[in-house]
Amino acid sequence: MDPQSQPEVYDLVILGSGAGSKLLAWTFAGQGRRVAVVERKYVGGACPNIACLPSKNIVHSAQVAHYVRRSEDFGISIDSFRIKMPAVRDRKRKMVQGLVDTHLALYKESGAELIMASGKFVGPKTLEATLSDGTKRLLRGENVVIGTGTHAVVEDIPGLRSAQPLTHVEALELDVVPEHLIVLGAGHVGLEFAQAMRRFGSKVTLLDRNHCVLHSEDDDVIEGLGSLLKDEGVDLVLNAKIKSISGVSGQSVRVTLEQNGVAKSLEGTHILVAAGRVPNTKDIGLELTGVEVTERGYIKVNERLETTAPGIWAVGEVAGSPQFTHISEDDFRVVRDNILGGHRVTTGRQVPFCLFTDPELARVGMTEKEAKAKGIAYCLFKIPMTSMLRARSLMETRGFLKCLVARDSDHILGFVAFGVGAGEIMGCVQIAMLGGMPYTSLREAVLAHPTIPEGLISLFSSASS
Ligand SMILES: Cc1cc2nc3c(=O)[nH]c(=O)nc-3n(C[C@H](O)[C@H](O)[C@H](O)COP(=O)(O)OP(=O)(O)OC[C@H]3O[C@@H](n4cnc5c(N)ncnc54)[C@H](O)[C@@H]3O)c2cc1C
Ligand SMILES: NC(=O)c1ccc[n+]([C@@H]2O[C@H](COP(=O)([O-])OP(=O)(O)OC[C@H]3O[C@@H](n4cnc5c(N)ncnc54)[C@H](O)[C@@H]3O)[C@@H](O)[C@H]2O)c1
């Protein structure tokens, strides 16, 4: 790039086209501002291409396989069936292509310019975008947003890199059912993939260094998820200190580990790393901008999502926000309002999540662990899913509903559902929390029978402890 060349000037330049970024682009361009988005690979970011939506697509195919296996329970005989992974993958690919097309139409409609290129800063508020043919463009924004996301961590465990492990990106492209899949990490990604692959017919071993899955959740949740996996035949190897890995994923791999002081080794055909994320902040020229990063490499932001450099903002995972699409989307609202001269902050917002195991696990607000640690007095309502009539009619009675209510005010502090329709029922409780409603409003509501939300009447009519 000729250092003398003049940058093209925009009102807003965005690096990375994920959830928060694209909403900013479409909103500001829709208002007639000049907006450019620089994206190196995925139109619309991770969620529609390699994360939430394709993984839920695959999880759903696996659920269909599970239903087929259970078909006798529903009075339907199926003599034999087979999993066709290329067709499973095609269904996912078609959905992804449809989503990409929708994104492209929204760029066109809004007038935001999508530049498919790899971007890096070459000065304050100035980016160099390198297109696939090597062409370079210099872009300067009055405001600049960084939304470069994260990627899967591949730790420095001896042999792990040379084993060419799958990440979620490659696992979503599999056209074979792995004979024996070893999953490293029993967090969100590991749990969803472990169950789905097991349902497609893989032998699955799920490893984690902690003594349980999702260790920050309450013990009943941990126990529920653990038994679900065990009942479906996933081997859980916890307290696992991985020492080394040999072989190549897709052929054969051997994992050497220590569990409770005992040396062990495991053999499988494939290995999937699902051990957390690393921010995409290396090699993007942040040092030329005054944008500082934290010790773990995430962009330092304040509660308004301003970085340490004036006029540069950050959204989504790279800004250290909780790692969910709906949070990246809320980051969009924060930056939008602040760019427009308002004052909106990230503090105090709800951070709900839904883990798409089957059944789902959904939670909003406080866990019992947190309430106890903070010394907050609460009453506990808890019912098994067998008390929910809809669950009985579906024959999906695993799990429970649980709600923490403030002892002094009847207000809901936290809600967790582990069971069929957990994500949907959580949404109902969350809306009540947003509206500041006491739990008694839900208990006294007229909710259609037999629906999943109707279970809230049973929950709040039960005796609290
Ligand atoms: C397997 C999996 C399943 C998930 N499931 C869910 C779910 O069910 N629900 C949920 O809420 N969350 C889920 N998540 C998390 C969710 O995907 C992310 O939180 C969400 O995508 C937000 O990402 P983001 O906006 O921070 O950035 P991203 O969507 O990651 O976007 C960043 C973009 O920046 C681009 N980029 C990076 N560097 C450059 C550069 N130098 N030049 C140009 N472009 C660049 C990348 O190509 C990428 O497209 C899942 C994650 C994974 C891995
Ligand atoms: N349904 C959803 O909303 C959904 C689904 C998938 C991912 N996500 C998001 O993506 C984020 C990243 O997911 P993830 O599963 O990669 O990370 P995670 O932080 O959820 O889980 C990583 C797990 O790997 C384990 N681990 C890490 N290093 C290890 C090692 N060396 N040996 C053994 N175990 C090790 C950790 O103890 C942890 O349990 C999640 O935190 C979540 O926010 C959300």
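Mentor: Two residues are in contact if their C-beta atoms, placed from the backbone, lie within 7 Å. Beyond its neighbours within four places in sequence, D218 is in contact with T367, E368 and K369. Residues are numbered from 1 along each chain as its sequence is written, and chains are lettered from A and ligands numbered from 1 in the order in which they are written. This is a predicted model, in which local features need pLDDT of at least 70 and side-chain atom pairs count only at pLDDT 80 or more, while totals for chains, interfaces and linings use all residues.

Trainee: Is D218 buried or exposed?

Mentor: A residue is buried if 20 or more other C-beta atoms lie within 10 Å of its own, exposed if 12 or fewer, and partly exposed in between. D218 is buried because 22 other C-beta atoms lie within 10 Å.

Trainee: Where is the place of D218?

Mentor: Helices (H or I, at least four residues) and strands (E, at least two) are DSSP runs, numbered from the N terminus. D218 lies in the loop between β8 (203-207) and α7 (219-231).

Trainee: Which strands form the open sheet?

Mentor: Two strands pair if DSSP finds at least two bridges between them. Here 3 strands form an open sheet, ordered β10-β11-β12, with antiparallel pairing. At the edges are β10 (240-248) and β12 (262-268), each pairing on one side only. Strand β11 (residues 252-259) is joined to β12 by 7 bridges, and T256 stands opposite S265 in β12.
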